[in-house]
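Please keep the sequence and the model in view while reading.

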Amino acid sequence: MIDRLKALKKLDRKRLDATLMRIHGRPSLMVFFNLVLLGINSLGRVKSTAKSLLSKAGLIQTDSLTGASHLQSLPLSFENRVFNKNLSVLIVCETSIEQCFRYRVKQKLELLDSLGIRNHWVDWTNYLEVNNQINFYDVVIFYRVPGYPKMLANIDYANQLGKIVIYDTDDLIFDRSTLESYYDKTTGQLSARELKAVFRGADLYRTAIERCGFAITTTTALKQSLEQVTGEGTVFILPNGLDQTTAKVLASINTVKQPDRLILFYGSGTKTHDQDFALIAPALEKILANHKDVDLVIAGYLTLPDQLNRFSQRITKLELLQVEEYLDVLAHADINLAPLAPGLFADCKSEIKWLEAAALSIPTVASATQVFKQAISHGENGFIAGSVDEWYQCIDELVSQQGLRLSMGKAAGDAAKARYSIENNAQTFVGLLSEIKHQHLQNSGFSQFDPGLQHIVIVNVLYPPQAMGGATVVAQNIVETICADYSDRYHVSVFTCDVNNIYAHQVTEYEHNGVSVTAVSVPVGPDVDYREYDSQVGALFAQFIQYKQPDLIHFHCIQRLTGSILEAAHDLQVPFLVTVHDAWWLSDHQFLVDKQGQPVNELQSSPIVAAQTSDQLQRTLQRRRLLTSLLNKAARVLAVSDYQQAFYQKNGVTNVIINKNGVDTITLDSGPTEPTDKVIIGYTGSICHHKGYYFLKQIVENNAFKNIEIKVIQFNLNEPRNEVWGATEVDYLPKFDSKNMVDFYSQIDVLIAPSMWPESFGLITREAALVGIWVIASEAGGLAEVIEHGKNGFKFTMGNADELTDILRQIDNHPQTYKQRTDQSTSSSLNINTVEQQVKELVDIYAQILN
């Protein structure tokens with residue numbers, strides 16, 4: 001970082017900011033602004049601390065921070081956000097100022113813990129992690145974050161998802177005009193460079209606030225200033241309070257005060273309090289002159305006024321201390337001083353200085369700001385002072401009267417415990433969250449989760465608009481049918497894989513046809529579909545479960561997502577069931593064909609059989625043990641066909657029942673297809689060996705068919721193309737959406753599925769049979785179960801070229817026969833489940849498990 005800064009030394013500030021934004025996602029001025037608040041003086045230390053901050057923020061992963069990863073091709077707007085049964089809260093925050101982090105972040109976490117509300121915090125500079133965590137919480141609080149582009153992208157993302165978005169600040173950092181007026185009086189305390197950072201920071205903070213629908217703050221004056229940005233009625237006060245840190249210090253401090261000395265204490269957290277302290281310097285000069293037993297302790301940043309230099313032997317200046325050490329020093333004082341120069345800036349300050357001393361039973365003399373006047377009952381639990389004479393009189397009374405010091409300190413402690421306890425602040429917090437949620441639901445039209453519904457999560461490797469393969473169609477059909485026909489019983493969410501995102505383990509939530517879909521990206525690689533375990537995906541899914549709070553999870557194809565997600569469900573004690581669509585759970589060969597495309601022995605549970613085709617037998621056996629153990633933890637394992645049930649039972653998975661995939665009811669016009677005398681044969685499988693594409697192509701090229709044309713769906717095709725296989729014309733068509741397959745069926749007379757692996761089901765063959773299209777299919781698993789040979793189609797032995805050649809010749813020789821639809825009544829009697837029938841069986845299974 002330092003070397004890069006040196007290399008950039010000759011660049012002007014605009015180019016420096018742009019370069020640092022590109023390198024680290026955090027411009028130089030923001031670094032300087034936070035360092036001003038920390039009181040860093042020398043440029044060398046600025047560089048050192050900047051490096052520390054950037055390293056701590058995890059910004060060294062420069063390739064991952066080149067853009068807002070969630071702005072991909074997936075749709076992001078929500079029209080139907082349903083808020084969970086129990087709220088959850090994420091705090092995205094600035095962490096560089098310890099006192100602010102303690103009071104505005106750690107205290108909120110304590111309050112939320114005491115309320116039983118799930119919560120988490122993340123540093124705002126970790127942009128990708130912020131993006132991920134937004135997906136798992138209902139309420140997102142942005143504390144003291146500046147409006148840089150990537151931060152605004154994350155705020156916008158939270159808004160797009162319909163989250164409750166709240167800005168939190170405990171200081172007037174966003175009002176440039178007030179800051180300019182205030183710092184104009186602090187001549188010499190900040191350099192021109194530092195002032196520029198402060199004012200630029202104000203603009204950035206205001207930009208971030210403008211993107212948030214609500215705000216939380218500490219004082220009435222701050223509330224009024226914030227409402228000028230967010231709107232009237234959108235800002236709520238949550239005061240700083242007592243916390244576990246205070247309790248820890250109180251329990252650990254052994255306060256032994258000097259019997260012959262009396263200590264006045266002043267604490268300064270930034271370099272900008274010289275003008276505040278100057279208000280009381282004349283009074284202190286008089287006190288120190290009149291009371292020889294009084295000493296002054298100053299903790300933090302302060303330029304001592306000249307008039308006090310003659311008392312330097314009785315003045316102790318301490319460095320800026322961390323919270324616990326600061327309180328330790330304060331506990332040994334007798335009187336606490338809290339001067340603030342009058343004005344809006346002071347009225348926006350909270351009562352922390354009084355509160356910390358009160359918790360330690362130490363009396364405070366404070367300026368007459370709005371908040372101090374609200375907290376302090378003058379003469380009872382503290383003193384309020386305005387003029388120099390008033391400051392002198394109040395301090396003098398406390399110095400002269402030990403009994404008053406003790407009684408006032410005790411009264412302050414009692415008041416602090418009564419008004420600022422964790423219990424009181426927790427009730428304030430939950431109350432304002434409830435009101436904010438009420439306003440958000442009213443304004444957005446979103447709804448609260450109906451407690452009368454049970455929540456089902458459907459998991460599949462893909463989900464629209466990412467759609468490919470029969471399992472995706474099945475999962476979508478199940479989701480949409482439950483939503484349409486069983487909305488009085490179930491609420492449905494989806495978890496899937498994001499194949500568009502090149503950054504691994506990034507989460508995106510979107511809405512598809514009114515259903516919330518959460519997608520996670522995974523590491524790419526040659527084993528992406530074989531990989532059995534990914535702990536990071538498992539951890540993200542665990543967060544998803546904790547957020548969504550499902551009653552039941554229904555897993556379908558989970559390659560890429562891996563078995564880690566089943567482990568997460570089991571660990572969190574959420575019942576689940578698994579629909580097995582292929583052999584992925586039991587075999588290295590998902591489609592039961594080896595690398596040469598030859599069928600493997602189906603007894604894949606045998607290590608001896610597995611060894612025949614395994615490249616790494618150790619991993620093969622470990623993988624199978626892990627995945628079968630997870631299957632055995634499922635409440636049910638569902639097979640989609642008779643064949644699939646028999647296959648899994650043969651391999652030792654005993655808790656398998658049948659739930660045959662449902663098929664959409666499609667109606668086609670009767671009569672021939674396009675105005676051609678040739679029979680049009682359609683192929684819909686992938687262009688790959690195991691689907692039989694090359695097997696079919698070779699047969700067609702080796703025969704001079706005169707009355708056959710072929711149409712092929714090619715998944716990655718943008719525009720139609722054509723070629724010739726031997727004497728046969730072949731048209732390639734772009735992929736059809738599953739809901740528009742009727743458009744493809746209307747163009748063909750015969751569907752062919754020459755699969756080279758034992759398919760578990762065969763959705764396409766069943767759809768075609770139901771609409772009266774002739775079907776040719778290999779007897780591979782459940783693929784041809786729907787065919788009555790010679791009546792609605794033809795079966796052939798898997799991989800038998802002679803049998804398929806004979807079938808194609810018969811069609812070629814009798815084209816008019818096969819250009820007519822089959823007897824659809826015959827097809828409809830073949831025990832094909834409709835989607836509605838499948839889902840009816842499923843909801844009965846769900847009910848058995850849930851009850």
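Two strands pair if DSSP finds at least two bridges between them. Helices (H or I, at least four residues) and strands (E, at least two) are DSSP runs, numbered from the N terminus. The model is a predicted one, in which local features need pLDDT of at least 70 and side-chain atom pairs count only at pLDDT 80 or more, while totals for chains, interfaces and linings use all residues. Residues are numbered from 1 along each chain as its sequence is written, and side-chain values use heavy atoms, with hydrogens and water left out.

Strand E6 (residues 214-217) and E7 run parallel and are joined by three bridges. Opposite Ile-216 stands Phe-236 in E7.

Helix H6 (residues 127-134) is largely enclosed by the rest of the structure, because seven of its eight residues are buried (under 20% relative accessible area, with exposed over 50% and partly exposed in between; 1.4 Å probe, protein chains only). Among the buried residues are Tyr-127, Leu-128 and Ile-134. The buried residues of H6 pack against several elements, including strand E2 (88-93), strand E3 (118-123) and strand E4 (139-143); contact means heavy atoms within 4.5 Å.

A further open sheet of six strands has the order E10-E9-E8-E11-E12-E13, again with parallel pairing. Strand E10 (315-318) and strand E13 (383-385) are the edge strands, each pairing on one side only. Four bridges connect strand E9 (residues 294-300) with E10, and the two run parallel. Leu-296 has Ile-315 in E10 as its bridge partner. Helix H14 (residues 323-331) lies across strand E8 (262-268), E9, E10 and strand E11 (335-338), and runs at about 150° to E8.

Elsewhere, helix H27 (residues 693-701) and helix H30 (residues 801-813) have axes that come within 10 Å and cross at roughly 60°. Phe-695, Leu-696 and Ile-699 of H27 make the contact with Ala-801, Leu-804, Thr-805 and Leu-808 of H30.

Terms used
Axes are lines fitted to C-alpha atoms, for helices over the stretch in contact, and angles run from 0 to 180 degrees between N-to-C directions.
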